[in-house]
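Student: I have a model on my screen and would like to understand how its chains are built. Could you walk me through it?

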Amino acid sequence: MSEQYGFYYDASRCIQCHTCEVACKSTRGLEQGVKWRRVIETWGGEYPNVTRTFFSLACMHCGKPACAAVCLTGAIIKRVEDGIVVVDRDKCNGCQDCFAACPYGVPQFGADGTMQKCDFCVETGREPACALSCPSEALNFGTLNELMKMTAGKSAKRMEGTTEPSIITVGSIKVM
Amino acid sequence: MSIKSDDVEEGEKSVQSGKSEERMIPTFCSLCGPSMGCGINCYVKDGRLVRVEGMKESPVNNGKLCLKAFASMQWLYSPQRLKYPLKRVGKKGEGKFERVTWDEALDIIADKLNEQKEKYGPESLAILSPQARTYKPYFIRFLTAHGSPNYCHSGICAIQRAFGFAYTVGVPMLGMAGADYERAELIVIWGANPVYAGAPTGNLKRILDAKARGAKLVAIKPQMQPDAAKADMWLPIKPGTDGALVLAILNVIINEHIYDAEFVSQWCYGFDKLVPHIQKYTPEWAEPITGLPADRIIEFARLYGKAKSACILAGNAFDQTVDSNNAVRAVGILIAITGNLDRPGGNIVPTESTMPMPKPVTLFERYTQDMIDKLVGPEMPRCFQPFIEGASSAYYKCLNSVLTGEPYPVKTIMAPGTQPTVITRDSKRVIEALEKLEFFVVIDVTQNSSMPWADVVIPVATMYETDHPFETSMMGTGNWLMARNKIIEPLGDYKSDYEFWLALGVKMGYGEDFWHGNIEECMNYQLENFGITIDELRSHPTGIVYEPKPIVYEKYAEIFATPSTRLSKAPYLPQGKVAIYNTTFEENGFNPLPEWVEPPESPTNTPELLEKYPLVFFDTHTSEAYNHGWLRNVPYMREIQPEPWIHIHPDTARQRGINDGDWVIVESPHGWIKVKALYFPGIRPDTIMSLHGWWQGCNELGLPGYPLLDGGANVNILYSSDPDKAFDPVVTAMPKQTLVEVRKAGNNG
């Protein structure tokens, strides 16, 4: 692989405005009920000392994608040239094994029953709409090397996980 | 509603973006107000808008957008769009209409208005305010040309704050537009929401950038909204008690001498009278009212008072309370005496840019005392009229006049982009007024909740279906002038809001005042100060950006001499100093010093209600997905907030056997609604929060609409509209606080 693409997510800047979510749906013309990206929240502590953190969750284009590992039809492929995990929906049989395998609940299934998810907007030939539109600049797109440079001076690190998510984060992230 | 919809287009379709055939046209969004919209690049394929993205050239949004803009195609092509003018054929409220032409609709309205003008006088016409939009000056012009002063402001946003600030520090927009985030050591978000209101327009990013460089962030609001989740200090105040908190903070700051004595002696009037006045408002006094421990109030007062620089973003919480004028004046005083007025890092008065101002569309120069005397229900007392939007009546009082006949009954109400049934208080009374009203005109882009009572419905173009107006950014976020570009042809027999008012002006015989109906001439008139025409402006597809001027601080002599908007043009501040002791108020029979006024229903004001209604209820002005009473029909938005809701602390819910997601009945002394209970760990356990504007269904998601009165989800029916208790006497602000009980809804509701 030449360069793995990923997202840099700064939890200290995400304000759960849902812009990334709808930018994705609208730009990709997604059907009702399907979300390739969604902003989730985690509460901690007891009132009045509560904490509330957000995470903009989409496919993390993992270094070791569990979804692809379990896919019997070969519909899910991790591209060699840029590390993007793509789905060939014509090959998908809708068994949803990928959903069971993904630690983050990413795979989505619409009316046709086949798996769909974020493809880094490669199909459109443009930069991902979610990162382009993020009003607080919490979500950023690039190669992992570019993203690490973008975080210079902050205590950024690659998100931990057995599947090696291609996510650079600042601060701790709780996903599930 | 039954409307023949044979030519209503199909709803949202899946968008395929074959990029080779797309054509990009830049324009600007106007889904929300009040400042200039965000620059938006629109991609059109086969005459259909298929995709949008933020415009990088725009200094307002710098390439960013919000979710509403991304969902706007579903709004544009929604099955609820009004495609042609309608005339009522059934009974009022029944919602039966038949199609008429644009010209026929204008004739019906013009004939009625001319007849009523003859019979009852021009003041029998009132026009209700929409969310601040650039078509507003056009109908204010229409009112003035007609001879009516009755522009009726909703009283739910901004103007109430502007009034208190203008008459305290001489600057109406202080606390809303002019926070110097880049240099602030402390930023206070107070009853405001920079996330749900204008996130792409820069304030949010500026606040987050300030925090990243080490500025402290404090949020004062009853629930932990996302901005409060980022704060270093969250003060979960009881709804509607912000005024009590400001007074207690002033008490600490004055008694601990942590104010700017030099500024106070040089630039403030009446500090010596505030000192004894404030003594009774101790933190201990404020504790039961605000629900904040006295030591937390002291801690915050010291933090704010001792900060080298601090700015306050004062929001909508200050507009919708009977204590509004007091609370805002007290915030103005707090900013001033701590030396945070027009200083680096404080609340500043934005320096003008090199951009000229357009010639105004309004005809303020024609106001006379006689017209002001005829206001049906002055929003501010007549002695303070006109204010910055011109002469104004209060929205609710205007509707009420139809029922009471006091001081006279308004005969025609026009509602452009506003829904009285869900936007003002006491919807039951509002509906009674609409039933009785002689003539009611609704103007909107989609069907709305007030439409069933309309005699005539005027459909208007969305921002994508017209090539005007031009707009200028006004809020200090940029210095940008741009002409709107048409993205698609209108989907039916209608024109823009702007063209409607010009055309109606011509029909009424006011053609001289309405550029004889020529919109291009109207644009060119306004552009005269720029030395260009609208055609020349169009040669700059993404507009013209003007150089900002360097910030100048401490412009006190100039600020404190600002002429007021009253007919006399006498300055807001007669002493040329901050009006701590307000002689203008005193002369007109109002308290010269800010005092505390309880909400009509609250634990401390009406403890006798607590046994039956133990919880405090309020609603929030904005949400991540909706714009007041609109957009709930848009599937992309509705997926984010599918059902009407309350936020409730899990402990409070469990005590009542309520599970997360249960449907519940919320009952106040005035009515009841049925909504979904959502567990929300970051809300005061004694407080319930909801959102206003619920009525509409969403066909695509199979979600129903909701009744406007008892059993629906319209929060306005829960509040008091008691003439003696539910209005701020100076700015007519109406409360959005009451007491309720919540119980699980039965199987059948």
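Predicted model: local features only at pLDDT ≥ 70, side-chain atom pairs only at ≥ 80, totals over all residues.

Student: What radius of gyration does chain B have, and does it agree or disagree with a compact globule?

Tutor: Chain B has 749 residues, and a compact globule of that length would have a radius of gyration near 27 Å. Of these residues, 59% count as buried. Among contacts between residues at least 6 apart in sequence, 73% join residues at least 24 apart. The radius of gyration agrees with the globule value, at 25 Å.

Student: Which residue of β3(B) is the bridge partner of B:N41?

Tutor: Strand β2 (residues 39-45) of chain B runs antiparallel to β3(B), and six bridges join them. They form a hairpin with two residues between the strands, and B:D46 in the turn has a positive phi of about 50 degrees. Six of the seven residues of β3(B), residues 48-54, are buried, so this strand is largely enclosed by the rest of the structure. In β3(B), the partner of B:N41 is B:E53.

Student: How many residues of helix α5 of chain B are buried, and which residue just after it takes a positive phi?

Tutor: Helix α5(B) spans residues 159-169, and eleven of its eleven residues are buried, so the helix is largely enclosed by the rest of the structure. They pack against β7 (151-153), β12 (310-314), α13 (324-337), β20 (578-579) and α22 (583-587) of chain B. Just after α5(B), a positive phi of about 85 degrees is taken by B:G170.

Student: And helix α18 of chain B: which residue just after it has a positive phi?

Tutor: Eight of the eleven residues of α18(B), residues 497-507, are buried, so this helix too is largely enclosed by the rest of the structure. The buried ones include B:Y498, B:F500 and B:W501. Among the elements covering them are α3 (102-120), β14 (412-416) and α19 (519-527) of chain B. Just after α18(B), the residue with a positive phi, about 95 degrees, is B:G509.

Student: Is B:N193 buried or exposed?

Tutor: B:N193 sits in the loop between β8 (186-190) and α6 (203-212) of chain B. Leaving aside neighbours within four places in sequence, B:N193 is in contact with B:Q225, B:D227, B:G315 and B:T622. Its C-alpha atom is 9.2 Å from that of B:A314, 121 residues away along the chain. A residue needs 20 or more other C-beta atoms within 10 Å to count, and B:N193 has 25, so the residue is buried.

Student: Which element of chain A gives the most to the side that touches chain B?

Tutor: The contact takes 27 residues from chain A and 37 residues from chain B. On the side of chain A, α1 (19-28), β3 (49-58) and α4 (129-133) each supply at least two residues. The residues of that side divide into ten nonpolar, eleven polar and six charged. With seven residues, the element that gives the most is α1(A).

Methods
Residues numbered from 1 in each chain as written. Chains lettered and ligands numbered in written order. Buried ≥ 20, exposed ≤ 12 C-beta atoms within 10 Å, placed from the backbone. Helix = DSSP H or I, 4+ residues; strand = E, 2+ residues; numbered from the N terminus. Pairing = 2+ DSSP bridges. Contact = placed C-beta atoms within 7 Å. Rg over C-alpha atoms; globule rule 2.2 N^0.38 Å. Nonpolar A, V, L, I, M, F, W, Y, C, P; charged D, E, K, R; others polar.
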